[in-house]
Amino acid sequence: MQLLRRTGLAVLALVILLGAAMAAAAQEQPLRVGSKRFTESYILAEVLAQTAAPRTAVAPAVRQGLGNTAIVYEALRSGGIDLYAEYTGTIALEILKGGQSMTRDEMNAALRPLGLGVAVPLGFNDGYALAMRAADADRLGVRTLSDLAGHRELRLGLSNEFIGRADGWQGLAARYGFSQAPTGLDHGLAYEAIAARQIDVIDIYTTDAKIDHLGLRVLEDDRRYFPRYDAVLLYRLDLPARLPAAWAALQALEGRIDERAMIAMNARAELQGVAFDVIARDFLAAKQPGAQAASPKDGASRGFMAKLFGPDLGRLARQHLLLVAVSVGIAILVAVPVGIAVFAHVRLRALVLGLTGLLQTIPSLAMLAVLISLLGMIGTLPALIALTLYSLLPIMRNTVTGLAEVPPGLREAGTALGMTGAQNLRVVLLPLALPTLLAGVRTATTIAIGTATIAAFIGAGGFGERIVTGLALNDRELLVAGAVPAAVLALLSEALFEAIEHLMRRHRGQLRPPA
């Protein structure tokens with residue numbers, strides 16, 4: 001009981017420290033700009049941040065690649081971000097579950113009770129559409145979506161978000177009578193798949209740069225299923241009062257980005273490998289007479305080694321290590337005492353291990369979305385909680401297993417020597433169970449290193465930032481530049497635990513009496 005009490009106090013102290021840190025950070029909050037996980041959203045987030053930056057005392061915080069609409073919208077609604085670039089069709093159909101004909105005033109009326117609003121139409125429409133290889137479209141005589149419905153042999157590869165959206169696949173299939181079963185895949189990978197002839201039809205955004213580059217034919221929406229998707233700012237209503245100068249600067253973006261400009265910016269990112277912040281800076285400089293654009297060197301595509309050892313490596317490594325070390329540390333503080341407490345109670349032990357195992361079955365993105373909603377924030381804290389929950393099972397299970405493996409004779413020997421239950425646990429049981437317990441910590445650490453890459457989807461940083469961005473750009477080198485450091489970190493953790501176990505074996509050998 002004393003061990004459990006001390007552990008509880010340690011966890012409480014940690015929670016208080018985290019709360020104090022968050023409260024201190026909240027006193028001077030910067031403008032927080034979010035983005036979804038596709039090229040255009042990354043670029044627009046940088047455009048918004050750089051537009052507001054000269055009018056803010058603290059540099060804006062850009063939370064890139066937070067995920068799909070559901071996660072980014074939840075981050076906005078809960079106060080994790082202040083605004084992001086959204087599209088009217090998505091707001092009307094996906095967020096508000098309204099009709100295609102909703103006006104901006106109607107959207108604002110529906111969003112106002114939620115503390116949100118729509119403003120600043122940026123000047124371009126980026127709609128959904130389906131596309132296929134132009135040569136195949138000509139050969140088969142497919143020009144419209146109605147034509148496509150008659151070719152059941154064509155393989156559809158659609159983004160997972162599009163398949164699940166209210167304005168996506170289900171409604172489209174019902175309108176046109178599609179009978180094909182689409183394959184779900186990441187939007188950034190769809191272009192590579194259609195170029196490799198692995199699929200025949202993909203969903204696209206009409207401002208995507210690779211449509212013309214890959215020779216695709218955008219199929220006509222002849223039954224007018226898709227609404228307009230005009231780019232606007234979806235923002236928190238308290239933002240204009242909290243940061244009036246920044247809001248005034250953002251309002252000046254109204255109507256300044258047309259389709260041609262957006263396609264050109266997307267092309268620089270996807271076809272030339274130019275960084276998002278450089279693209280945004282060049283665009284804004286071009287809109288300001290006399291301003292200097294970035295140098296050609298700034299916009300040059302970087303090679304693999306430059307991406308691997310980029311200036312963000314140290315920051316990402318620190319963030320990744322923090323996520324892993326803190327989450328596994330808290331999991332140890334929780335799982336070991338609970339494992340000890342339930343060990344002697346068979347039914348309770350089965351229940352607790354079962355509930356802990358159930359956590360492992362929850363998809364990580366779903367876990368993060370739920371935590372964002374419950375905590376009202378994105379970033380490090382929900383990521384730490386999710387990683388801690390995923391680390392509990394191997395540590396708790398190995399604690400119980402290690403205690404169960406202690407021979408009954410040794411347990412009884414401690415009692416025979418007059419030890420109390422707590423003394424027997426501390427002197428006999430835990431030292432003998434330690435190798436098995438350590439194996440559980442080792443497993444939990446490896447799981448945490450891999451799972452921590454998902455934290456980038458909610459702005460918690462780590463090596464996952466590179467992986468998420470690489471997926472959005474279909475940049476294999478950037479994907480590998482994120483995966484390699486994570487793999488190296490996993491190997492280093494394995495080496496560390498191997499060294500610890502080696503020292504433990506040597507120590508046990510020194511304690512063993514000579515034959």
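Which residue in β8 does Leu130 stand opposite? Leu130 stands opposite Asp203.

## Basis of the model

This is a predicted model, in which local features need pLDDT of at least 70 and side-chain atom pairs count only at pLDDT 80 or more, while totals for chains, interfaces and linings use all residues. Residues are numbered from 1 along each chain as its sequence is written, and side-chain values use heavy atoms, with hydrogens and water left out.

## Overall composition

The protein contains 25 helices and ten strands. Helices (H or I, at least four residues) and strands (E, at least two) are DSSP runs, numbered from the N terminus. Of the 515 residues, 49% are buried. Buried means under 20% relative accessible area, exposed means over 50%, and partly exposed lies in between, with a 1.4 Å probe and protein chains only.

The protein exposes about 23,700 Å², and carbon and sulfur atoms supply 61% of this area. Accessible areas come from the Shrake-Rupley method with a 1.4 Å probe; for residues, only the protein chains shown count as cover. Among contacts (heavy atoms within 4.5 Å) with a separation of 6 or more, 77% are between residues 24 or more positions apart.

## Nonpolar cores

A nonpolar core is a set of buried Ala, Val, Leu, Ile, Met, Phe, Trp, Tyr and Cys residues joined through side-chain atoms within 4.5 Å. The largest one has 67 residues, and those with the most contacts inside it are Leu83, Leu145, Leu148, Leu172, Phe178 and Leu250. Helix α2 (residues 39-52) contributes eight residues, the largest share of this core. A second, separate core has 65 residues, including Ile81, Ala335, Val400 and Ile449.

With neighbours within four places in sequence left aside, Phe178 is in contact with Leu145, Leu148, Ala149, Trp169, Leu172 and Ala173.

## Strand β5 and its partners

Strand β5 covers residues 128-133, and six of its six residues are buried. Two strands pair if DSSP finds at least two bridges between them. Strand β8 (residues 201-205) runs antiparallel to β5 and is joined to it by five bridges; Leu130 and Asp203 face each other across this pairing.

Strand β9 (residues 216-218) also pairs with β5 in the antiparallel sense, over three bridges. Here Ala131 has Val218 as its bridge partner. In a regular strand the side chains alternate between the two faces of the sheet.

## Aromatic pairs

Rings of Phe, Tyr and Trp (its six-membered ring) pair if their centres lie within 6.5 Å; planes under 30 degrees apart count as stacked, over 60 as edge-to-face and the rest as tilted. The count comes to twelve aromatic pairs. The pair of Phe38 and Tyr87 is tilted, because the ring centres are 6.5 Å apart and the planes stand at 35 degrees. Phe38 lies in the loop between β1 (32-34) and α2, and Tyr87 in strand β3 (residues 83-87), so the pair ties together parts that are 49 residues apart in sequence.

Phe38 has a relative accessibility of 10% and therefore counts as buried. Tyr87 is buried as well, with a relative accessible area of 5%. Both belong to one aromatic cluster, together with Tyr128, Phe162, Tyr205, Tyr225, Phe226 and Tyr229.

## Arg442 in helix α23

Arg442 is found in helix α23 (residues 421-451) and is buried, with a relative accessible area of 15%. Its side chain makes a polar contact with the side chain of Glu498 at 3.2 Å. A polar contact is a pair of N or O atoms within 3.5 Å; within protein, one must be able to donate a hydrogen and the other to accept it, and residues adjacent in sequence count only if both atoms are side-chain atoms. Leaving aside neighbours within four places in sequence, Arg442 is in contact with Glu494, Phe497, Glu498 and Glu501.

## Helix α24 and positive phi values

Helix α24 (residues 464-473) is mostly covered, with eight of its ten residues buried. Arg466, Thr469 and Leu473 are among them. Just after α24, Asn474 takes a positive phi of about 55 degrees.

Val120, which is not a glycine, also has a positive phi of about 55 degrees. Val120 is placed in the loop between β4 (116-119) and β5 and is buried at 3% relative accessibility. Arg224 has a positive phi near 50 degrees and lies in the loop between β9 and β10 (231-236). At 57% relative accessibility, Arg224 counts as exposed.
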